[in-house]
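The following report looks at the chains one at a time and then at how they meet. Please keep the coordinates at hand while reading.

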There are 2 protein chains.
Amino acid sequence: MDSLDAIFSPKSIAVLGASSTKGKVGHDIFANILQNGYTGTLFPVNPGANSILSVKCYNSILDIPDPVDLAMIILPPKVALSAIKECVKKGVKGIIIISAGFKEVGGEGLIIENQIKEICKEANIRVVGPNCLGVINPSPEVSLNASFSARMPAHGNISFISQSGALCTTVLDFAADRGFGFSKFISIGNKADVDELDLLKYYHNDSATDVVMIYMEELQGDTKEFIEEVKQITSGDNHTPVLAIKSGRSAAGAAAAASHTGSLAGSDAVYDAIFAEAGIYRCESVNQLFDYSEAFSCKKRLHGNRVAIVTNAGGPGIIATDMTITSGLELAKLSPKTIEELHRYLPATANFHNPIDVIGDAAKDRYENTLATVISDDGVDGALIILTPQSMTDALGTAEAIVKIAKHSQKPISCSFMGVVDVSKGVRILQANKIPVYPFPENAAAALGALYKGTRWLNRKILPQYQLTFDRERAKQLIDKHLSEGKEILDELEGSELLKCYGFNTLPMDVAKNEKEAVDIAEKIGYPVVMKIVSPQILHKSDANGVKMNITDQMSVESAFREIVKSAREYKKEAVIEGVLVQKMAPKGEEVILGVNRNPGQMGHSLMFGLGGIFVELFKDVSFRLAPIGRNNARRMIRSIKGYPMLNGFRGRPLADLEAIEKNLVGLSNLVIDFPIIKELDINPLLVYKKGEGATVADVMITLKEPGTTLVTV
Amino acid sequence: MDSLDAIFSPKSIAVLGASSTKGKVGHDIFANILQNGYTGTLFPVNPGANSILSVKCYNSILDIPDPVDLAMIILPPKVALSAIKECVKKGVKGIIIISAGFKEVGGEGLIIENQIKEICKEANIRVVGPNCLGVINPSPEVSLNASFSARMPAHGNISFISQSGALCTTVLDFAADRGFGFSKFISIGNKADVDELDLLKYYHNDSATDVVMIYMEELQGDTKEFIEEVKQITSGDNHTPVLAIKSGRSAAGAAAAASHTGSLAGSDAVYDAIFAEAGIYRCESVNQLFDYSEAFSCKKRLHGNRVAIVTNAGGPGIIATDMTITSGLELAKLSPKTIEELHRYLPATANFHNPIDVIGDAAKDRYENTLATVISDDGVDGALIILTPQSMTDALGTAEAIVKIAKHSQKPISCSFMGVVDVSKGVRILQANKIPVYPFPENAAAALGALYKGTRWLNRKILPQYQLTFDRERAKQLIDKHLSEGKEILDELEGSELLKCYGFNTLPMDVAKNEKEAVDIAEKIGYPVVMKIVSPQILHKSDANGVKMNITDQMSVESAFREIVKSAREYKKEAVIEGVLVQKMAPKGEEVILGVNRNPGQMGHSLMFGLGGIFVELFKDVSFRLAPIGRNNARRMIRSIKGYPMLNGFRGRPLADLEAIEKNLVGLSNLVIDFPIIKELDINPLLVYKKGEGATVADVMITLKEPGTTLVTV
């Protein structure tokens with residue numbers, strides 16, 4: 001028996017703090033268990049009552065004559081603590097603490113929560129909560145509704161984890177309105193013991209769960225362990241799709257940051273990274289969470305992007321087409337054989353090309369023949385069926401036909417049966433057979449798009465890692481030297497030296513203190529050169545007119561030196577000007593930006609990739625991962641930005657050296673794993689050349705700071 | 001009496017084709033009128049029946065003893081035609097033709113539809129349909145459900161126009177599930193007579209309609225008239241907000257087009273332009289249409305973007321914050337006075353800064369005091385209230401408090417009462433008082449965002465037009481010359497000459513046939529020069545390596561000439577090479593693209609604006625308007641692209657000469673209005689200089705073609 005079975009499928013439950021007073025939590029939860037057909041035995045515990053809702057009540061859990069699997073605690077913290085000690089004595093296997101007033105209020109609440117944690121850990125008892133809504137298991141063998149919510153959801157194959165109690169009731173109501181079925185439903189509150197990862201593992205092993213939905217507020221604990229474990233769950237033949245909605249999208253980036261990466265890499269970007277690496281599908285709204293989970297729950301995967309649309313009305317067909325394209329799918333091109341066959345079943349006025357219009361007077365047969373024909377076309381990866389109620393429409397018969405065909409095909413079928421009342425019998429048949437069905441065609445199409453995206457994760461290419469060697473020793477010497485000098489912000493020369501240790505190409509350069517030195521350096525490294533201000537107070541050199549490009553002779557070097565120093569003084573009077581960097585001018589390449597930002601807490605470093613310049617600054621077209629990453633994550637983060645085609649031959653551009661970027665990202669990841677003292681790092685730009693010709697750092701800024709000393713509130 | 005009153009509020013109705021057979025349209029519509037409390041008198045007409053559903057039936061409408069306001073026709077086309085002739089004789093004021101089989105099937109159906117149109121026009125009778133779902137007026141004075149749908153929607157202040165019959169049932173069911181009320185609801189089908197514009201005008205004058213929702217498939221008729229009339233409706237003190245969902249977003253752009261503009265300006269971009277000019281709010285989904293219409297129906301406008309959020313749960317507050325920012329709004333900064341006052345009402349553990357957390361145990365009072373305080377803060381433009389059902393929550397009392405405060409404030413309040421069952425009494429109070437309320441906080445926030453966008457349209461700046469003069473005569477001479485030579489594609493020199501007539505700055509340039517001529521031209525106009533291939537077969541010169549920049553001496557001109565011609569030959573063997581253009585090299589400026597694409601049918605020319613290069617090609621960051629436009633539309637189309645900050649001082653960039661772009665857009669508009677023969681035009685790039693320094697055409701391509709000869713299917 002899994003330790004969480006006592007939570008989800010207990011044979012007996014004691015409700016400590018059960019109450020006869022309607023409206024009290026202790027009443028409602030007890031009543032909800034009692035009145036929703038729980039198949040086990042239920043014991044109320046309350047020293048002040050003889051019976052509750054006609055059920056014999058006990059003074060203490062220790063008085064209950066039978067064994068108790070699960071104790072539900074609805075008591076204030078202090079009372080809860082002593083009750084839990086009795087639960088341990090009783091030998092319960094699981095505890096759910098509904099009440100609030102623990103860690104979330106701090107002080108004594110926090111202390112008591114920690115005591116409870118310890119006691120239960122010692123006794124090998126799993127604890128859910130405190131400060132949660134409870135647990136629901138609609139399976140007929142258990143039929144447990146140990147929650148605030150009076151409504152028991154339908155039974156299905158999707159399990160839910162919610163951190164927020166506030167949202168649970170709404171979600172359950174929303175689900176009931178949609179006829180949406182759950183396998184298991186839990187609210188985890190403060191996560192004193194049981195957390196998302198425990199539940200994901202449990203659901204993954206649970207044969208009654210085919211999809212997991214998470215409503216997440218904040219991950220705690222070891223992020224890397226979470227990613228690694230969840231990646232196993234969402235990958236491979238025996239995978240379980242996980243979809244999540246995470247609150248806090250824009251709470252990020254509030255803190256001031258010196259680097260571009262720092263200003264873009266807020267807490268939300270961290271979750272984008274975590275979800276991307278773990279294979280969790282991130283949804284933007286509760287609607288999406290439901291729509292997409294329903295699509296995944298059909299257990300079929302969309303292995304290509306070619307969709308056939310079958311409709312009995314033009315308008316909805318167009319809407320579906322739009323959303324199909326918007327969702328990254330394509331309309332399948334039907335084979336001549338398919339079209340020829342369709343002519344046998346459809347009237348001449350039908351549209352035989354995708355979207356296939358079977359015409360308003362289509363009864364069940366026309367749908368059945370059309371779907372059977374297109375779904376066996378090798379050029380079709382999945383189908384979208386739209387039914388609008390018209391005079392000849394047979395929603396029930398059509399649904400039955402779809403179910404029959406779906407049983408014999410591996411290709412997913414998404415349906416939009418429009419109209420709630422007329423088509424409801426058909427909708428129920430589809431739902432009962434796990435065929436996703438939506439009231440509007442755009443939702444049905446978007447859900448197929450999500451399924452395709454999820455399938456691409458499943459079928460992702462996994463390439464062997466690069467064999468790279470790094471000079472960690474020299475990097476350590478460099479960093480130690482800067483630290484011993486109290487230097488927190490490394491200039492371009494210092495930054496480049498450090499990057500070289502991790503496989504980056506850099507440009508010949510040196511810092512000049514005066515015009516003469518500048519000329520000497522330029523003559524040594526050869527023209528043309530670029531000159532840049534060096535001052536720890538001036539991070540964005542261009543803003544200070546502190547950069548001069550394409551300098552081709554001695555006189556220009558001298559005048560550039562003077563102008564740069566003058567501009568810098570005007571830009572920031574108090575800036576300490578350490579000199580002017582003279583650098584070999586790099587040949588033109590595609591500008592990309594690589595960055596690092598250390599996250600507060602246990603999240604480690606975020607790595608960022610994007611196209612340089614305005615694409616980062618204005619369009620924020622960037623992707624994130626958490627270090628460490630290997631080749632495959634580097635590869636996917638490059639491919640996931642919108643501007644990726646610019647590196648991949650868009651409109652006759654040369655193919656950029658993507659492998660060089662990948663290796664540099666892996667190098668960067670190794671650098672920050674080896675030296676967590678790196679707080680921020682911007683390589684902006686990295687100039688990327690044609691395939692096989694590498695990439696060169698054209699500017700870099702690095703900030704060092706001990707972790708913990710600069711916890712940024714995000 | 002308005003002519004459409006007979007459709008929406010008839011005193012008496014005859015149903016021609018009424019039937020006793022359940023499931024037949026003639027039965028269902030008659031039954032729906034009869035059984036939904038219609039307050040007028042209802043007459044069935046059917047020569048084969050004595051009575052229908054117990055109501056005395058007539059052989060012909062002419063046999064009805066009383067006057068008839070509205071005739072509903074449910075008869076096949078031929079029979080319908082003679083029935084309508086009798087309706088005319090009877091003196092009906094309005095006709096709704098439900099049946100299909102008319103224009104949409106072509107042939108005889110089309111002929112009959114046209115005959116009906118003519119007969120009714122002659123008789124001054126308004127016709128709705130054919131091929132439609134009918135009409136609904138839930139107002140208690142009328143209580144008319146003359147539709148297929150058995151469900152009568154609730155009464156409200158939002159009116160609906162649907163072109164698609166297929167969607168109506170779904171929309172009505174969806175509305176019923178949400179408790180959404182309608183003022184009037186109509187399906188217009190083939191639009192033989194009554195169309196969107198007629199209804200918009202009618203609804204605008206209807207005191208019972210505060211918001212109009214449209215489900216549009218395709219506009220017919222005079223687009224410019226539509227825009228001008230609707231602009232009046234959506235503007236000013238007496239405006240009516242209009243929200244639309246238009247199917248066919250991606251059906252566009254399928255046709256091959258030579259210009260960038262042509263490839264981006266599909267039928268969908270035309271509707272973006274029409275909606276933008278007319279002030280119609282375009283929604284992306286039925287959900288948005290309902291959510292946003294509900295927000296507008298409160299009749300308040302959000303005049304600034306500073307929103308205060310009041311919540312009794314942290315998680316939903318964060319979600320609302322996210323969506324608030326995403327929707328273009330900001331969290332209001334509360335004044336010290338407000339915060340001080342909040343301290344009087346809220347416990348110390350509350351969050352006194354936006355989003356304001358009144359804590360889970362907040363009853364009605366805390367909500368009331370908090371809302372009253374923040375809504376009177378001058379720094380707050382609107383409020384968002386989130387209520388999650390917790391033990392002390394008083395949904396009904398809180399709703400009543402919100403209603404009371406809303407009555408005394410001009411600032412909009414959007415609510416999310418989470419949980420359908422627990423909070424339903426409160427939700428009904430809010431709905432009855434036209435306070436928008438949503439199940440999820442993200443919807444409430446997005447709706448406020450829509451309200452703000454709509455208010456910005458209402459408060460838009462209207463500047464006096466530029467006084468520009470154009471040399472239409474010379475332009476005509478140039479175009480006539482090209483046409484007489486059979487030239488359809490103008491090269492850069494020819495295009496620039498034409499643009500000059502409409503106020504564009506162009507560069508000195510000439511076409512060289514050989515190396516010597518090239519040198520002569522270069523010497524004459526002065527170095528540096530740019531050289532470009534001139535060939536009607538090579539439209540994208542860079543793709544053919546047909547452009548050389550920054551040529552500074554005679555020898556380079558000669559070698560550039562050779563290389564350009566050689567590359568062009570290699571790129572396209574059959575290309576006719578007319579020479580090489582030698583052009584003064586323009587100083588660097590911001591690159592933007594201005595374009596024109598002539599639409600098929602009556603839609604005229606689409607004008608496009610965007611940032612040049614990759615921003616157009618990959619990010620498709622462009623905006624459209626239909627010609628003619630004046631200064632204000634030009635201004636708004638520049639400001640509506642995502643990259644606009646690049647022209648407006650983003651990160652220390654110089655302010656670009658926006659007025660120059662505006663004037664050029666107005667010039668372009670005049671050019672295509674004067675010469676509709678212009679089919680496509682790309683100015684790519686227009687180089688824009690600093691404010692006051694103008695803009696210069698750096699490349700242009702123009703295609704001439706008689707309208708009608710090249711109807712592109714989009």
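What percentage of the residues in chain A are buried?

## Chain A

In this predicted model, buried residues account for 54% of the 714 residues in chain A. The chain holds 23 helices and 31 strands, and its C-alpha trace spans about 95 × 80 × 45 Å along the principal axes.

## Relation between the copies

Chain B is superposed on chain A by a rotation of 180° with 0.0 Å of shift along the axis, leaving an RMSD of 0.1 Å. The two copies are thus related as by a two-fold rotation axis. Among the residues of chain B, the one that comes closest to this axis is B:Asp177, whose C-alpha lies at 4.3 Å from it.

## The contact between the chains

The contact draws 50 residues from chain B and 50 residues from chain A. On the side of chain B that touches chain A, at least two residues each are supplied by helix 5 (166-178), helix 11 (314-326) and helix 21 (614-617) of chain B, with helix 11 of chain B giving the largest share, eight residues. By residue class, this side of chain B divides into 23 nonpolar, 15 polar and 12 charged residues.

Of the interface residues of chain B, 100% are also interface residues in chain A, so the copies meet through the same surface.

Definitions and conventions
Residues are numbered from 1 along each chain as its sequence is written. Chains are lettered from A and ligands numbered from 1 in the order in which they are written. This is a predicted model: local features need pLDDT of at least 70, side-chain atom pairs count only at pLDDT 80 or more; totals for chains, interfaces and linings use all residues. Two residues are in contact if their C-beta atoms, placed from the backbone, lie within 7 Å. Helices (H or I, at least four residues) and strands (E, at least two) are DSSP runs, numbered from the N terminus. Ala, Val, Leu, Ile, Met, Phe, Trp, Tyr, Cys and Pro count as nonpolar, Asp, Glu, Lys and Arg as charged, and the others, Gly among them, as polar. A residue is buried if 20 or more other C-beta atoms lie within 10 Å of its own, exposed if 12 or fewer, and partly exposed in between; C-beta atoms are placed from the backbone. Copies are superposed by least squares on the C-alpha atoms of residues with pLDDT of at least 70 in both.
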